[in-house]
Amino acid sequence: MSEAQILLLLSALRALAPLALALVSLVAVPLIGSPRFGAPLAAATRARYLVVGLLLLSGGAGFVAGAGVTSTLSIGELTINPSQPGRLFVALGGPIFAIIVAVGQGRRAGAMGQVALFGLAVIDLALAIPVGLAPITLLLIGGTSLAALAAGGKEDAERARAVFRDLRSAGVLITLTVIAELLRASIPLSATDPAYATTSSLTAGVALALSLIVLASVGAFPFHHRLVRMFDALPIVGSLMVGVWIPAAITLIIFSELSLLIAAVNEPMGGAVLPILVATGAFTMLFGGVSALLHDDVGEVLGFFAVGSSGWLVLGLAAVITRPSTLAPHELVIPATLVISLFGVWRAAVRRRYDLVSLQELTGWARHTSAIGLVLVGVAVAMVALPGSAIWAARAEVIGASGSAITVVIALIGAVALFASIIRVILIGLAQKSHVVERTEVRRVTHPVTLAMLAGALLIAGAAAGIIDVESAASELLRPGIEATSPPAELP
Amino acid sequence: MSSIGLELPLTIIATLGAALAVTSARRGAWIALIVTATAVALLEFQPTDTLPISLVLRLAAVFGAILVALPPGLLTPQALTHDLAPRRIVSTLAEHPVVVATALAGLLLGTIPLALPIEGSSTLLRSAGVALLLIGLPPLLTSRYVEATARAAVVTLSGALLLRAAILGPLDALSSIIIASGYAALLLTGTAVAGQLTKAEES
């Protein structure tokens, strides 16, 4: 093997490490379940250990390989250039999903691990290719396929309907992506003839189409139903990956695309996109926060919490349009994802320990299982974040860019309601223990899985709260796509 | 590929196929979708001397996914003769006058330049694109049936891609691969979910 071939192999390994590990799981998970590796009854446990190992490896590979020229793979005209945000998603996502799979201990832990592995690989790959049609489409189809994989194996009508909703929105959003690409590519041509649509109206069209993709993906009001039902019906790994992590990657791509677009266009953008986004963002936070406070089902509380948190991203969209040079909205994406994921860790732990979905039946859970209680305290700390940290500055900049006092007030009430929804669950946990909670067997705190959960919760909360600096790595602008294809020959 | 020679018949076939794909019963709809996907791919990639790899990938993805999704016994000559009989096609379309009217309106609307820099582009491609978008979107947004929704998604996406191709030409290699896998994912997920839903409702 020549030196050039060795270098190519190394860059391929560095560039495609998460994907390679996901592909390894396709062979390794069924293999480890075979009788030659142990008793058939313990197959699910072996699969769980395996996928936890692979997820940790994937996270480690994302961290070690990093982004940069040594990880860039060029095959013909195709360049796969891992981005910092992509690698950050993998480096954080690997351990987080490993904890969820380990804590959940479900019968389908192997399949759930594969959902997480492939989800992280798709995110890494999508953020490694130039922004535009291809990465958004890749994430949308990846999301739908993973939702189907997560829902499989159980004849549950609610699960199937949740995937059906996702399929429908993927069909609409991929079409919308093509239309956005078409309008974006038409902008340079619009100056060639006054009869064409103006640059400002085309820019508004692109902004509207891309904003709709973000609104529907992250589950902002009025597109929240899909996300809430997903959290209610799908396993936690699937709902987090499809409802939170993949939409977060889509949001980062669209932030980058809009930053580049708005910065390149000299004319002011037409239409009412901006006020719509500002109003939607603020109302989404309020709606999500109040709904999370009022619901009793744990899945729905988490779903509405995710909806409310997405309000920050919608306000971030408005901020990108107002100030295309700002990186504050980019810095909010990872912390928001981490807070919801930590809430997901809590849900997986509660589900595993109590197998209950109603908060009324879960009274006293925190007194009975204090380790799980600490995870939710971590969520509350992560939500508030460290005063004076970069996250507070980013939030202030995003909310300030809205330019409306009413919006600021509504968004702040929404943020308080979201925090209150967490405090409410903690208070329920500190109340008198219910009979079911009282009877539930408790695992000792020194159990390896409990220790891993606590250590993970500490790290996730630290990263989300800005104590560990991760958000700045997500603020790298993604690579712009190749400029619009050459205009038709007949154009003047 | 000349406009009069192939684009016109392909446009008509794609539009007719799309209308049947969203209105026919299960087996007929799958056949119509195969026809539509083929016509759309030929219109989009415009093969001349050589067969573009993107076209081969697109057709392989769609045909492969439909083969998995097909109900058993679809490809028997008897079934095909039954579903492709002109009388049956006409009666299916006659039962859905709104879809036919939408298709015709789409074809007409596509001939009008929509203030985008598209005067230099192919009118027929644009017409087919707008028609497919208008045919596919309503069932994609409203249908209660999973497989019908997946087929409507394929029709709508095909329309958007035709509209794009009318102005910007065919997709680049990477986007083409991803879109081809998107078609396959939509169809396969639709079939899997439909099966899961049926089993869940039966049990």
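Visitor: Why are α8(A) and α10(A) called roughly antiparallel to each other?

Guide: This is a predicted model, in which local features need pLDDT of at least 70, side-chain atom pairs count only at pLDDT 80 or more, and totals for chains, interfaces and linings use all residues. Residues are numbered from 1 along each chain as its sequence is written, while chains are lettered from A and ligands numbered from 1 in the order in which they are written. Helix α8 (199-218) and helix α10 (236-264) of chain A pack at an angle of about 165°. Angles under 35 degrees count as roughly parallel, over 145 as roughly antiparallel, 65 to 115 as roughly perpendicular and the rest as oblique. The two helices, α8(A) and α10(A), are therefore roughly antiparallel.

Visitor: How far apart are the axes of helix α8 and helix α10 of chain A?

Guide: Their axes are 9 Å apart. Axes are lines fitted to C-alpha atoms, for helices over the stretch in contact, and angles run from 0 to 180 degrees between N-to-C directions.

Visitor: Which residues make the contact between α8(A) and α10(A)?

Guide: On α8(A) they include A:V206, A:L210 and A:V214, and on α10(A) they include A:I250, A:I254 and A:E257. Two residues are in contact if their C-beta atoms, placed from the backbone, lie within 7 Å. By class, this contact of α8(A) with α10(A) has 11 nonpolar, three polar and one charged residues. Ala, Val, Leu, Ile, Met, Phe, Trp, Tyr, Cys and Pro count as nonpolar, Asp, Glu, Lys and Arg as charged, and the others, Gly among them, as polar.

Visitor: What makes up the side of chain A that touches chain B?

Guide: 45 residues of chain A are in contact with 40 residues of chain B. The elements giving two or more residues to that side of chain A are α6 (133-151) and α7 (157-190). The largest share, 19 residues, comes from α7(A). By class, that side of chain A has 28 nonpolar, 10 polar and seven charged residues.

Visitor: Why is chain B called as compact as a globular protein of its length?

Guide: The radius of gyration is taken over C-alpha atoms, and the globule rule is 2.2 Å times the number of residues to the power 0.38. For chain B the radius is 17 Å, close to the 17 Å that the rule gives for 203 residues, so chain B is as compact as a globular protein of that length.

Visitor: How many helices and strands does chain B have?

Guide: Chain B has nine helices and zero strands. Helices (H or I, at least four residues) and strands (E, at least two) are DSSP runs, numbered from the N terminus.
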